[in-house]
Amino acid sequence: MIAPPPTEGPLTIEELQLATRNRGLPLEALCYDVTPGGLHYLLVHFDIPAIDQSAWRLSVGGNVRRALALSLDDIRARPRRTALVTLECAGNGRARLHPRPISQPWLNEAVSTAEWTGTPLTGVLEDAGIEPGTVEIVFVGADHGIEKGCEHDYARSLSLDDAQRSQVLLAYEMNGRPLEPQHGAPLRLLVPGWYGMTHVKWLVRIEALTEAFEGYQQTVAYRYKRDAEDRGDPVQGIRPRALLIPPGFPDFLTRSRTVARGRVEIRGRAWSGIAPIVRVEAGVDGIWRDAVLGEPLGPFAWRAWSFGWDATPGEHVLSCRATDAAGNAQPVEQPWNIQGMGNNAVQTVPVTVR
Ligand SMILES: Nc1nc2c(c(=O)[nH]1)N[C@H]1C(S)=C(S)[C@@H](COP(=O)(O)O)O[C@H]1N2
Ligand SMILES: [Mo]
């Protein structure tokens with residue numbers, strides 16, 4: 001099937017089908033520094049592969065001195081690193097665009113933070129011995145399918161420089177437990193600071209390439225494209241975003257909020273994969289004030305913030321926006337592109353105070 005064009009129409013059955021397979025972070029779970037595993041957002045393009053971990057091997061090959069085939073025990077015996085890393089799907093915010101690209105229909109909730117444990121990729125690349133002439137490293141998953149008419153194994157590449165950054169991990173644990181099947185068991189790539197598509201799950205093959213990788217997920221998907229003909233710029237670092245925990249209590253169907261009058265502590269999280277968060281502003285009915293930032297959890301994890309609001313009876317709109325140390329801030333106008341990538345427009349939460 002070719003890509004259906006973006007639409008202004010009602011949600012399609014195909015979008016609902018994706019929305020029931022994948023899931024977002026319930027925004028009240030922004031209260032946890034580390035997202036409990038079962039609440040972590042989920043995005044799976046094809047099927048979750050059933051992998052026999054005792055037979056599984058990671059092959060490392062291509063333009064290397066010696067090809068490797070590593071068992072999970074081999075990888076677990078290597079130097080061990082743990083890091084708190086915030087992942088966000090590049091399509092987060094897509095369903096709010098006009099017109100709306102047809103894909104997984106995220107609103108704001110495709111983000112979570114986990115404590116990932118694994119071994120640095122650099123050590124494995126050193127053992128294989130990257131030969132001169134290598135320009136990219138490609139990471140191939142065990143999952144296979146068809147996307148917009150193109151059949152492929154899910155695969156993404158990094159430039160050799162990006163692959164050799166010390167924080168890039170081959171991760172086998174999430175929150176102190178072996179990876180769950182849906183999060184990439186037994187091994188996934190972790191590239192802190194980059195949007196979700198880079199963190200290849202169910203990793204089976206790593207290859208050193210002497211030419212740029214031309215796979216579907218690299219050259220067609222995950223690019224900021226004006227239209228279908230545009231080659232577009234690659235989607236990489238996570239743009240800054242802040243989200244707030246909707247205060248008060250919800251209506252079951254509409255999720256609209258009711259809040260008691262008086263002092264309300266508005267809390268949320270903010271993150272950027274490009275540079276540390278330096279400022280969060282909270283908006284009440286379009287008037288912005290600085291929020292108080294919590295302690296940083298680490299260079300690639302979201303940061304807590306809070307704001308004291310004197311809630312007066314009536315209808316109000318709450319919002320928040322983040323700025324990072326590189327000067328990137330969130331737009332009020334949505335940044336439109338045909339795949340709905342990187343829409344970090346500010347969140348708005350209407351509330352009724354009584
Ligand atoms: N092999 C493989 N890796 C993958 C994907 C996939 O479909 N197959 N989805 C990617 C996308 S788009 C995202 S946003 C993240 C989601 O990671 P999570 O489901 O563990 O939160 O995994 C990435 N890695
Ligand atoms: Mo994603």
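## Aromatic pairs

Across the whole structure, which is a predicted model, a search turns up 2 aromatic pairs. Rings of Phe, Tyr and Trp (its six-membered ring) pair if their centres lie within 6.5 Å, and planes under 30 degrees apart count as stacked, over 60 as edge-to-face and the rest as tilted. One of these pairs joins Tyr-41 and Trp-106 edge-to-face, with 6.0 Å from centre to centre and 85° between the planes.

This pair links distant parts of the chain, 65 residues apart. Tyr-41 belongs to the loop between helix H1 (13–21) and strand S1 (58–62), while Trp-106 belongs to the loop between strand S3 (81–88) and strand S4 (111–120). Helices (H or I, at least four residues) and strands (E, at least two) are DSSP runs, numbered from the N terminus.

## Around ligand 1

Tyr-41 turns up again here. Of the 18 residues around ligand 1 (a heavy atom within 4 Å), those that come nearest are Tyr-41, Asp-143, His-183, Arg-188 and Lys-201. Sorted by class, this shell holds 10 nonpolar, 5 polar and 3 charged residues. Here Ala, Val, Leu, Ile, Met, Phe, Trp, Tyr, Cys and Pro count as nonpolar, Asp, Glu, Lys and Arg as charged, and the others, Gly among them, as polar.

What lies 2.8 Å from an oxygen atom of ligand 1? A backbone N or O atom of Tyr-41 does, and so does a backbone N or O atom of His-45. From Arg-188, a side-chain N or O atom is also 2.8 Å from an oxygen atom of ligand 1. Taken alone, ligand 1 exposes 530 Å², and the protein buries 100% of that (Shrake-Rupley method, 1.4 Å probe).

The bond from His-98 to Pro-99 is cis, with omega near -10°, and Pro-99 lies in the loop between S3 and S4. Ala-185 and Pro-186 are also joined by a cis peptide bond, with omega about 5°; Pro-186 is in the loop between strand S8 (177–178) and strand S9 (188–190).

Look also at Lys-148 in the loop between strand S5 (136–147) and strand S6 (150–159). Lys-148 has a positive phi of about 45°, although it is not a glycine.

## Reading the model

Residues are numbered from 1 along each chain as its sequence is written, chains are lettered from A and ligands numbered from 1 in the order in which they are written. Local features need pLDDT of at least 70 and side-chain atom pairs count only at pLDDT 80 or more, while totals for chains, interfaces and linings use all residues; side-chain values use heavy atoms, leaving out hydrogens and water.

Methods
A polar contact is a pair of N or O atoms within 3.5 Å; within protein, one must be able to donate a hydrogen and the other to accept it, and residues adjacent in sequence count only if both atoms are side-chain atoms.
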